Amino acid sequence: MHGPASPGWLLVALCAATGAYCLLRMRSTVEEQRRAAGGEALMGFGMAAMAVPAAVLTPPRWAWLVYTAVFGTAALRALWAARTGPHHLHHLVGAFAMAYMAAAMAAAPAHHHVSGVPLLTTALLLYFTGYVLLSGVRLLSVPVLAVGGGGSGVRSGSVGWGDRPELARACRLSMGIATVAMLLTL
């Protein structure tokens with residue numbers, strides 16, 4: 001993506017760390033959590049790859065086309081999953097946003113400023129800004145399970161790192177923030 005190198009590397013680190021945590025979440029004993037974590041790991045690592053500053057590495061056009069295909073496929077998968085529950089719609093919007101940004105990068109001539117469709121970019125920015133604000137408020141209002149036990153009645157060691165709901169929410173919030181940053185640099 002275009003933009004200054006230092007914030008770009010911070011974005012790469014945030015997305016890669018989020019993807020790595022999502023891989024840990026795939027060890028959950030709950031099938032639905034494992035499935036969601038797999039998709040979120042793909043998004044996190046894909047976002048990290050797309051966020052590498054252009055001054056360091058300018059991927060060839062075909063790489064952006066591959067990103068478009070991968071995220072487009074993820075969007076179709078999320079669309080299919082949305083028939084079972086509305087919570088998959090956010091994954092659909094996220095995958096679509098990534099496919100859209102990759103397509104905009106593929107369509108841009110080398111070393112020229114990239115710009116997407118202003119109305120679509122604005123709509124995605126509004127959606128993800130609202131998502132980030134709402135998720136942040138929700139994350140702050142949910143009690144955290146204490147690792148050593150606590151008021152929730154959970155004994156120490158009974159909740160693994162892959163099953164901590166507050167960490168999963170923080171992971172999704174991080175990806176939402178990264179998406180806003182990437183849309184702003186488009």
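Select helix 6 (residues 165-184) and colour its buried residues: E166, A168, C171, L173, S174, M175, G176, A178, T179, V180, M182 and L183. Buried means under 20% relative accessible area, exposed over 50% and partly exposed in between, with a 1.4 Å probe and protein chains only. Helices (H or I, at least four residues) and strands (E, at least two) are DSSP runs, numbered from the N terminus. The model is predicted: local features need pLDDT of at least 70, side-chain atom pairs count only at pLDDT 80 or more, and totals for chains, interfaces and linings use all residues. Residues are numbered from 1 along each chain as its sequence is written, and side-chain values use heavy atoms, with hydrogens and water left out.

Stay on helix 6 for its length. Helix 6 has 20 residues and reaches 29 Å from its first C-alpha to its last, close to the 28 Å expected at 1.5 Å a residue. The expected span is 1.5 Å times one less than the number of residues. Now show what covers the buried residues of helix 6, which includes helix 1, helix 2, helix 4 (89-107) and helix 5.

Zoom out to the whole chain. The chain has six helices and zero strands, and from the N terminus on its elements run α-α-α-α-α-α. Of its 186 residues, 40% count as buried. Among contacts between residues at least 6 apart in sequence, 74% join residues at least 24 apart. Contact means heavy atoms within 4.5 Å.

**Helix 5 and helix 6**

Select helix 5 (residues 118-141) together with helix 6; the two pack at an angle of about 150°, with their axes 9 Å apart. Axes are lines fitted to C-alpha atoms, for helices over the stretch in contact, and angles run from 0 to 180 degrees between N-to-C directions. Helix 5 and helix 6 are therefore roughly antiparallel to each other. Angles under 35 degrees count as roughly parallel, over 145 as roughly antiparallel, 65 to 115 as roughly perpendicular and the rest as oblique. Helix 5 passes helix 6 in a left-handed crossing. A crossing is left-handed if the near helix is turned anticlockwise from the far one by less than a right angle, and right-handed if clockwise.

For the contact, select T121, L124, L125, F128, T129, Y131, V132, S135, G136 and L139 on helix 5, and E166, R169, A170, R172, L173, G176, I177, T179, V180, L183 and L184 on helix 6. These residues divide into 12 nonpolar, six polar and three charged. Ala, Val, Leu, Ile, Met, Phe, Trp, Tyr, Cys and Pro count as nonpolar, Asp, Glu, Lys and Arg as charged, and the others, Gly among them, as polar.

Which residues does L173 contact, leaving aside its neighbours within four places in sequence? They are V132, S135, G136 and L139. L173 is buried, with a relative accessible area of 14%. A C-alpha distance to draw here is L173 to L134, which gives 9.3 Å across 39 residues of sequence.

**Helix 2 and its partners**

Move to helix 2 (residues 31-51) and helix 3 (residues 61-81), whose axes come within 12 Å and cross at roughly 160°. That makes helix 2 roughly antiparallel to helix 3. The crossing is left-handed. Select R35, L42, M43, G46, M47, A49 and M50 in helix 2, which meet W64, Y67, V70, F71, A74 and R77 in helix 3. The contact divides into 10 nonpolar, one polar and two charged residues.

Is A51 buried or exposed? A51 is buried, with a relative accessible area of 3%. Its C-alpha is 7.4 Å from that of M182, 131 residues away along the chain.

**Last stops**

Select T68 in helix 3. Beyond its neighbours within four places in sequence, T68 is in contact with A99, A102 and A103.

End at helix 1 (residues 5-25), which has 21 residues. Its buried residues are G8, L11, V12, C15, T18, G19, Y21, C22 and R25, and what covers them includes helix 2 and helix 6.
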